[in-house]
Amino acid sequence: YLLDDFFQELEPVGRLDIVGDLSKRALAYYAGLPPELRSPESERNRALALVRYAHVLRYQANPVEATKLFREANAVLEKLRANGDQSEFTAIGLALGYTGLTRALDMSGSGAEAVKMASRSTELLAPLAQAPNPSVRLRLVYGSSLNFLGYSQLRQANEEEAVKTLDLARATYRSIDGLKLTNLAAAAGFAESSAWLTEALVARGRAQDAGRVADEALKVAQDVLDKRPGHMPALRAHGLLATSLGRIAAEDLRIGRGIQLATPAIGDWETFLKLDPSNFYAWNNLAATHAALASANDALGRGDEARAHVRKVIELAKRFPALNGFRFAVGRQAVLDAELGIKLPAGTVPDYRRMSELAAAALPEGSFGWFLTRGLAGYFDRQVALARGQFQEALVGAKALLDGATSKPTGDGERRVRARGLSSAEFDAAYASFMLKDYVGSEAHARRSLELQAKVTGLALDDQVTVNVGNVMLAMAMARNGKAAESARLLEPALKFFRDLQARGSDDQYHRFGLAKGLYAMALADPPHAPALLAEANSTLDRLTGDFPRRWSVQLQRRMIAEEMKGSR
């Protein structure tokens, strides 16, 4: 237990390097034991030392070596249990090995396998945790295992199961001392489980429930920090919860308020990294916070602020190549730059493409992750082309992705990711075809986009916006194809959706732009009322704030409205 105790005591102060050194010394000791002194107990202790050392390597962004050590240790502990070792100590060690392997696999892009491994950990400990009077040590590890499983389910887009798992994790941590802070590890674990739970609840359309969970957990995390300043698991939970509160505010249509709530998370991560600069997960979360703030500022039309946050993401990704996963935020900035007419120097490779190539090189060629990584780069190539009015180029790119989508996903999470990617490609093809006056092709692509989107649509606001934008696109093509009445029926709920967002005070400028597009589409479907609808569309665009009026897509929409006002097609 000595090494385990060291880990529990040193993790809160950021000295896992000491645990790593002690683990290596323990491994050297067991490697040097003569055969006559080796026993099942010595083998178990060597495996437990491997588990702790692998955890340190995982924190230090070395998932390949960590995975190797976790698998070696787990094999030893599994064999001991199969031979009759049913001790709590061995069960805990194996559960730690499973949960550590879960995170290492997740870092390597093997999300589906990570969920399976996390499930093995919780299944192993559940009977012990549900027995009368389980030990505090066991409940802490069980809570951690549930936390890892819930996180993995969340990343695989299985939010409903994640909610159940993370609720159980919170209950497990709460059972240790009722959150009275006699056990700070339990309080910090409770706060972190709550952070992931809020994300899952928002995805399930339960923003109010998420707010209550986050408020309670934030107080718990702050109480731990008041009692022991610099307690790193509590600091981590505090940062995660601040970001969650920002997300909840955005779901409530208050992007500006969300920025205020999420910004302090940057200070949490920077403080964390001063204590432990080797912790990859803290660097990852710092990048995630900057990416979230970039997206929020973009939605308010604050391009300069968004660009500043993306520069931070790019700097971090250059320092830690494993952070190439944040290329989505970098790609969004490239699209915004294209919208505002900002061009890269000739011959410069866009940052999102450079990062995608690095990420793809680390994955098995032909794997689902490999296709997904390359597909994301293609997605932003199309978005940049559309933002520059290069519709033929965007159409060719979309069709190339659709024709080459032969990868086979495994598990619900990968199937949903694939459906989202294909849906976006069909939407881009629909929009490009419309602008190229191929209205029949546009309608066909728009229908396929919505069919694919129906497979993945959740209850979160972003999903609902995506569906209604897709309905507007389809309605525009149908109106041009002489299906005015059908187009108008499709548009009525979409217009109501965007009007309701405005009535509720949404400060997201993309929502306002969506309303203007919907009004333009209804003008195509309802010629007798077109003058009033087009005038309202123009006045809606007049209310856009920040740099939105200067964006190319907004100016294009104004030209389309003006042409329709003249009766020109």
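Which residues does Trp269 touch, not counting residues up to four places away in sequence? In this predicted model, where contact means heavy atoms within 4.5 Å, Trp269 touches Arg236, Gly239, Leu240, Ala282, Asn285, Leu286 and Thr289. Residues are numbered from 1 along each chain as its sequence is written, and side-chain values use heavy atoms, with hydrogens and water left out. As the model is predicted, local features need pLDDT of at least 70 and side-chain atom pairs count only at pLDDT 80 or more, whereas totals for chains, interfaces and linings use all residues.

Trp269 is also one of the residues with the most contacts inside the largest nonpolar core, together with Trp283, Leu286, Leu323 and Val330. This core has 78 residues, a nonpolar core being a set of buried Ala, Val, Leu, Ile, Met, Phe, Trp, Tyr and Cys residues joined through side-chain atoms within 4.5 Å. Buried here means under 20% relative accessible area, exposed means over 50%, and partly exposed lies in between (1.4 Å probe, protein chains only). The most is given to this core by helix 9 (residues 184-203), with twelve residues; helices are DSSP runs (H or I, at least four residues) numbered from the N terminus. A second, separate core comprises 53 residues, among them Ala494, Ala516, Phe548 and Val554.

Phe548 is also touched by Gln509, a residue of helix 24 (residues 509-525). Gln509 is buried, its relative accessible area being 4%, and, residues up to four places away in sequence not being counted, it touches Ala299, Leu300, Arg543, Leu544 and Thr545 as well as Phe548. Gln555, in helix 26 (residues 552-565), counts as partly exposed at 33% relative accessibility. Leaving aside its neighbours within four places in sequence, Gln555 is in contact with Pro549 and Arg550, and its C-alpha atom is separated by 9.3 Å from that of Leu541, 14 residues apart along the chain.

The axes of helix 21 (residues 439-454) and helix 22 (residues 461-480) come within 8 Å and cross at roughly 155°, axes being lines fitted to C-alpha atoms over the stretch in contact, with angles running from 0 to 180 degrees between N-to-C directions. Helix 21 is therefore roughly antiparallel to helix 22, a description that applies to angles over 145 degrees. The contact involves residues including Tyr439, Glu443 and Leu450 of helix 21 and Asp463, Met473 and Arg480 of helix 22.

Definitions and conventions:
Helix = DSSP H or I, 4+ residues; strand = E, 2+ residues; numbered from the N terminus. Parallel < 35°, antiparallel > 145°, perpendicular 65-115°, else oblique.
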